[in-house]
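Here is a friendly briefing on a few charged contacts and a pocket. Take a look at the model first, and then read on.

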Amino acid sequence: MHWGKLLRLTVVVMLISGLMLGSAWAADGNVFKDVQDGVWYEKSVSEMQAKGIIAGSTNEQGEKVFKPNDPVTVQESLVFFGRLFNWDNSGTDTGELANNHKVASWAKGYVAAAVSDNVLTGIDLFVDPSRAASRYEVAIFAVRALGLDDMARGLSGVTLDFSDASEIPPRAVGYIDVAMEQGVLSGSDGAFKPNDNITRAEMAAVLARLDKKVDVDRDNMIKAKFIGYGSFDNSITVRDADSQFVKYSLSDGALIYRDGESISLEELEPLEYLGISLNDNDEATYMEVIPEEEVAQEPEEIKVSGKLAEIDADTPSITIEKDNGQEVSYEVAEEADVLLDWQTSSLEDLVTGQSVEATVKGDLVESLFAGSIEEDIKGIAVKVDFGTKNSIVIELEDGSEASYVIDEDVDLDGDAESLRDIYAGQEIEVELKNKVVVNIDVTSVKEDIEGSVEKIILAANPEIVVSVDGEERSFSLAKDVDIEKAGDDATIDDLKIGDYVELKTTGNVITAMDITAKETSDYIVGEIENVNTDAEVIILKDINKPIYLTDDTVILRFGHETRLRYLDPKDEIIAVGQMSSGILEATTIIVISTTN
């Protein structure tokens, strides 16, 4: 299964599901008050008005009207043709036009273009531009605008099958034959009526037919695939020629046609192709279902540059963030050339953030050039993880932690000859290329530390927590750590909570440890039965543990220091010291109550 296509289809279905919720939407009808719904020229008028080819006027009641039965002047017809064929109307030189003084200022640019492009030539240069144009003259102008003048001249001797063929000027015969063959004009009830003034309704129909035959890029016209509509906000979503999903609001009175018939928004089928005309506010004013082949043209090759935002090597596809912040996604062709620093590479070698330039055709990347990202990172080593791909965790200067894969051929500088020489707490500077570590510079921070042991964690990599000047710090043990206790060799098993330690550290790793065992005190509470001042011994009532005093023993009576001879039987005391063989050698005796 082609997962890329499945993903796009899923997105389309989701968009359709989301967009088609809400109440029904319906167009308000034709923009012109005097163009009735369903009349034969309604679609042509609506389409040409939406595309900016024709316009109406406002009546005394303030209503917008088209005046479909009014005649079209020669200069008006040339303006219409000029807008349709996108003539250059910047000039004003009408050349050999005999009645150029009768050309209105608003028409002069297009009339000048008609003379320059030989749409207005020969005997037609003597025409009065302000008079009504005949049907046969419009046929001549239309055929010349299509570039079929030579063909029409070659058919000047044909016989036209109209009841009024004799009324057709000889010079117009070939043009009318070509116009008929091209489907631009037709007769009615067997007659062509060549000398009748062409009406605005007929002119709109001629222009609409010609529009199907010309390939003119207009800023207000797009062709796209319909995805869905939003009735709550009166909008449609389409997929444009760049394969991007775009949302357009609908103007008041926007019209939709399929096969020449007006339809409602709800009748549009997802994935139908639309020709959409936009007004100056980029609102859709006219939409028509068009054949796929009108859209499915050979896609233009474009260059897209920016930074890689996403990479999916499985699909395969990429998302590029352009310089303006817009993100665009494309599939990558199987045979696409992928270069990294001008070297043949693959999507697996690319990383997000790289600067790229993609050659895109349609929605497929045909070639992709990426430039490596090189950056230096400073911080404190947290740990090195040894696995299929070695990696290092670094505490960055902002306090956050980041993990980076280490290149197999990484260069080591400073105090590390191998990755095993990197300890937590060491100052470290790494050089990254495409987010992979290619160089590590290690600076060991060596300290002499003293403190008491608060916690011991016995594991494959033992750790201890030491209170240093009131701050708890964690350390791990180097594999060759040197441990001594009371001058003898020791192990971590000889360490107890509360022990005092002197450490030599590199970063957060202990390389040497000297342990001083914690001294604990024992105590006895009781009532004095007898005091032997000569032997300096106290016997407590009912306690078979004599208390020995030394020259250093301190005796306190209610907070004041006193002597042994001032202690009396029945005084209640606390004796603190070291217990050995049932005898307490007191360091402190405190009288807590007395009967005297």
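**Salt bridges and a pocket**

Arg144 and Asp124 join their side chains in a salt bridge, with N to O at 2.8 Å (a salt bridge is a side-chain nitrogen of Lys or Arg within 4 Å of a carboxyl oxygen of Asp or Glu). This is a predicted model, where local features need pLDDT of at least 70, side-chain atom pairs count only at pLDDT 80 or more, and totals for chains, interfaces and linings use all residues. Residues are numbered from 1 along each chain as its sequence is written, and side-chain values use heavy atoms, leaving out hydrogens and water.

**Charged pairs**
- Arg144 counts as buried at 9% relative accessibility, and Asp124 is buried at 2% (buried is under 20% relative accessible area, exposed over 50%, partly exposed in between, with a 1.4 Å probe and protein chains only).
- Glu137 forms a salt bridge with Arg131, their closest N and O atoms being 2.5 Å apart.
- In that pair, Glu137 is buried at 3%, whereas Arg131 is partly exposed at 33%.
- Asp571 and Arg557 meet in a salt bridge of 2.9 Å, N to O, and both residues are buried.

**Wider view**
- The whole structure holds 20 salt bridges.
- A network of salt bridges links Lys43, Glu47, Lys51, Asp211, Lys212 and Glu288.

**Lining of the second largest pocket**
- By class, this lining has 15 nonpolar, four polar and seven charged residues (Ala, Val, Leu, Ile, Met, Phe, Trp, Tyr, Cys and Pro count as nonpolar, Asp, Glu, Lys and Arg as charged, and the others, Gly among them, as polar).
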